Structures are given as structure tokens and as C-alpha cells.
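Thanks for making time this morning. I would like to walk through one model with you, taking a few residues at a time, and I will begin with a question once it is on the screen.

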Amino acid sequence: MSETAVRARAAKQATAVAFIGSGFAFANWAARIPQVRDRLDLSSAQLGLVLLAIAAGSVVALPLAGPAVTRFGSRRTVQAMAVLFGIALAVAALGHLAGVWPLVVGLFLFGLANGAWDVGMNVQGARVEQELGRSIMSRFHAGWSCGTVAGALVGALMVALSVPVAVHLTVVAVLVGLAVPVAVRRFLPDGAAHEEPTSGGGALTAWREPRTLLVGLFVLAFAFAEGAANDWINVALIDGYDASATVGAVGFAVFLAAMTTARWFGPPLLDRHGRVPVLRVCAVVAGAGLLLYVFAPNIPLALVGALLWGLGTSLGFPTGMSAAADDPRRSAARVSVVASIGYCAFLGGPPLIGFLAEHWGILDSLLVVAVLLAIAVVITPALRPLRVEED
């Protein structure tokens, strides 16, 4: 095996650690939200406002992440953000003992670190793809999902053992803040990315590129489809089909299992058939699954709809990130723009569907996802691989 192949394989493993570590850390926090709420005696509305601090941090970080990765590289960015993430998690863990405002500060830093970390590891994931000559980005995103499962299981164990929130999350913070920076030392250099202007002009230019904006819109559609499922599949089964809470949880698990499995086994399809036809089929399958989920006459068919919804949604977000990074010279700025657009779905999707559900009902409100997926079908050609020499 050549030295280049050895370095690419090491970078692949390091990138996987970055994705898994991000998911693991986030899920450990999520698993302890009920205990934090009870400690501070927060209502549901108050808790929602507190959690908005994470979104606010991400909104600030995502547009700035492109210039940061351009200036410092994906390795240094992820290393710094993993350390900041650990500090933020520890501040939130200890801060909730002192009151709401220390917790909010910790969560804002948490979102800030998570947003920039996300851009950095996606830039590196695309770089590894280019070095290996294979479509593997979705497997990195499957790793993130596996990390969330592991984090949720650890969180559940800590709750069962009555381990204090501050102790649990501080240990996780130290683990992530030390392990991830060491692992990502094996990242590959970001190609010619450092040739971009360090003043931020590269990022501003990317916001004016039609292809980049279309890729961002495509990613937004799939992020909305994924986020809507994460937030509402469980509730919609219970409220829309009069299912038990257990069946609601099963529906959510079916969606996650389908999405994670397809992300792992999907790359060969992308390599064999190309992005555009595969992603167009994905959008159609996701839309068909959503429609079946909404209009199914019974719960078993609704679960089949959730399965198809997960399978179809799987490849859109990660492959959109790969498309944004086709040109290594501009990958940081373009991934930052695409991520900023895509994450709007995670931020605005839940309240939009909640608002529509008040007027139309929870199942019918999900039809807005089908509209976005239809748009994704139309604009899929924008993700055709970019020939760098033409740019």
C-alpha cells in the first residue's frame, strides 16, 4: 500500500472519529435535558427558550466557519471546536446548578462550537472522498447517527444509575475535548483551500454563486425532511393514528434505522449510477414514504411509510455537502454556505410544522415536506459533479 493510500485511510478513520464524537457528545447532553429542566423548574416554553441558545450559537458559527476553515484548515478548526465544545458542555453541566443564565451561556458556546465543528469535519470528509475516489460521505454521517445512539445509551445508563448531571456531562466533556483533537491530527491537508482569500471574500463570493445556492436549497429540503421526522414522527403516530407511546417510539426507531442503514450501504449506488439519478430517486422515495405515512389507513402501513421516508432521506444531506466541496480551493466557503442554508430547516422546521398542525392537524401539516422534496427533484441536476478546471 502506498504512503498516500495509508494517509488517506488514516484520515478516513480520523474523520469518522470526528463525526462519531460529535454525535456522542450531543446525545449525552440531550439525554439529560429532563433532569436539567427539573432542576431549574422550567416550563416547556421556558425550556424551549433555553434550548434556543444552541440554535443561536450555530446560526452565528455557520457563516463564520467557512473563513475559519479557509484560514486555519479543517484540522485546526475541528481541534479548537472540540476543545470549545468540551468547555461549553462543562459550563452547561455545572452552570445548571447555578441558574438559567450560566446554562444559557454554556449552551450558546455549545452551539457555536458544534456549528463550526460540523463545517470543518464535512470539508475534511469531502477531502477524503476526493483522495479515495469513492463516495463515502454518507458513511461519515451514519457514524454520527451511531454516535448519537451510543451517547443516548450512555445517558440512559447514567440516569438509571442516578449519576448527577454535572458529573456525567463533565466527564463526557473532558473525554471529547481530549480524544477528538488527538484523533484528528491525522486529517489530510485541505488541498488548495488555503489559497482562498483570508479576509472572508471567499465566503461572500460563495453566497452569490447560483450553483452553491441551489445545492443549499437541495440540502435544506432534505434537512427539513429529516428534521420533521426527528421531531414529529413519534407525535404524529400518537396524535394522528391514536397509537400508543410505545408504537410512536417504534415508528421513530424505524425511520432512524432505515436512514442510518441506507447511509452506510448507499455509497456504491452513488459511485455506480452517479449523484443526480440516485438523489432524484431518493427524493421520490422519501416523498412517497411521507405520503404513505400521512394517508395510510392503518398503523402498519404508516410504519412502512416511515421506513421509506428514512431510506429516501438518507443520502441527500451528506451528498449535498460533497457537492459543495467539489472544488477543494473553495470547499470551506461553499460548505459553510450550504450548511448555513440547510440548518435553517432544523431551526425553522419544528415551529413551522407546529404552527401548521394547529390549523391543519399534525399529519396534514407534514405535507409541506412533500412540497420541498418535489422542489429537490427539480433542482437535483445542480449537484452534478463540478469539473474544477471549468471553474
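Does D242 count as buried or exposed? Please keep in mind that this is a predicted model. D242 counts as exposed, because its relative accessibility comes to 71%. This residue is found in the loop between α8 and α9, and although D242 is not a glycine, its phi is positive, at about 55°. S162 also has a positive phi, of about 60°, without being a glycine. That serine lies in the loop between α5 and α6, and with a relative accessible area of 62% S162 is exposed.

Let me turn to the charged pairs. The structure holds six salt bridges, and I will take three of them in turn. In one of them R127 pairs with E131, with the closest N and O atoms 2.9 Å apart. These two residues sit four apart in helix α4, so about one helical turn separates them. R127 is buried, at a relative accessible area of 17%, whereas E131, at 30%, is partly exposed.

Another salt bridge joins E226 to R263, and here the closest N and O atoms are 3.0 Å apart. Because E226 lies in helix α8 and R263 in helix α9, this pair ties together parts that are 37 residues apart in sequence. E226 counts as buried at 10% relative accessibility, and R263 counts as buried at 3%.

The side chains of D326 and R275 also meet in a salt bridge, at 2.7 Å from N to O. D326 lies in the loop between α13 and α14, while R275 belongs to helix α11, so the pair ties together parts 51 residues apart in sequence. Here D326 counts as buried at 12% relative accessibility, as does R275 at 14%. R275 and D326 are also linked with R211 in a network of salt bridges.

Next, a serine. Which residues does S135 contact, once its neighbours within four places in sequence are left aside? They are E129, P267, L270 and D271. With D271 there is a polar contact of 2.8 Å between the two side chains. S135 itself lies in the loop between α4 and α5.

For those of you who think about cysteines, the count of disulfides comes to zero.

Finally, the surface. V83, I87, V91 and V105 form a nonpolar patch, and together they have about 290 Å² of accessible area. Helix α3, residues 44-95, gives the most to this patch, with three residues. V105 lies in helix α4 and is partly exposed, with a relative accessible area of 47%. Elsewhere, V235 is found in helix α8 and counts as partly exposed at 30% relative accessibility. From C-alpha to C-alpha, V235 and W309 are 16 Å apart in space, and 74 residues separate them in sequence.

Notes. Residues are numbered from 1 along each chain as its sequence is written. This is a predicted model: local features need pLDDT of at least 70, side-chain atom pairs count only at pLDDT 80 or more; totals for chains, interfaces and linings use all residues. Side-chain values use heavy atoms; hydrogens and water are left out. A polar contact is a pair of N or O atoms within 3.5 Å; within protein, one must be able to donate a hydrogen and the other to accept it, and residues adjacent in sequence count only if both atoms are side-chain atoms. Contact means heavy atoms within 4.5 Å. A disulfide is a pair of cysteine sulfur atoms within 2.5 Å. Patches are made of residues with over 30% relative accessible area and no salt bridge: like charges are joined within 9 Å, nonpolar side chains (Val, Leu, Ile, Met, Phe, Trp, Tyr) within 5 Å. Accessible areas come from the Shrake-Rupley method with a 1.4 Å probe; for residues, only the protein chains shown count as cover. A salt bridge is a side-chain nitrogen of Lys or Arg within 4 Å of a carboxyl oxygen of Asp or Glu. Buried means under 20% relative accessible area, exposed over 50%, partly exposed in between (1.4 Å probe, protein chains only).
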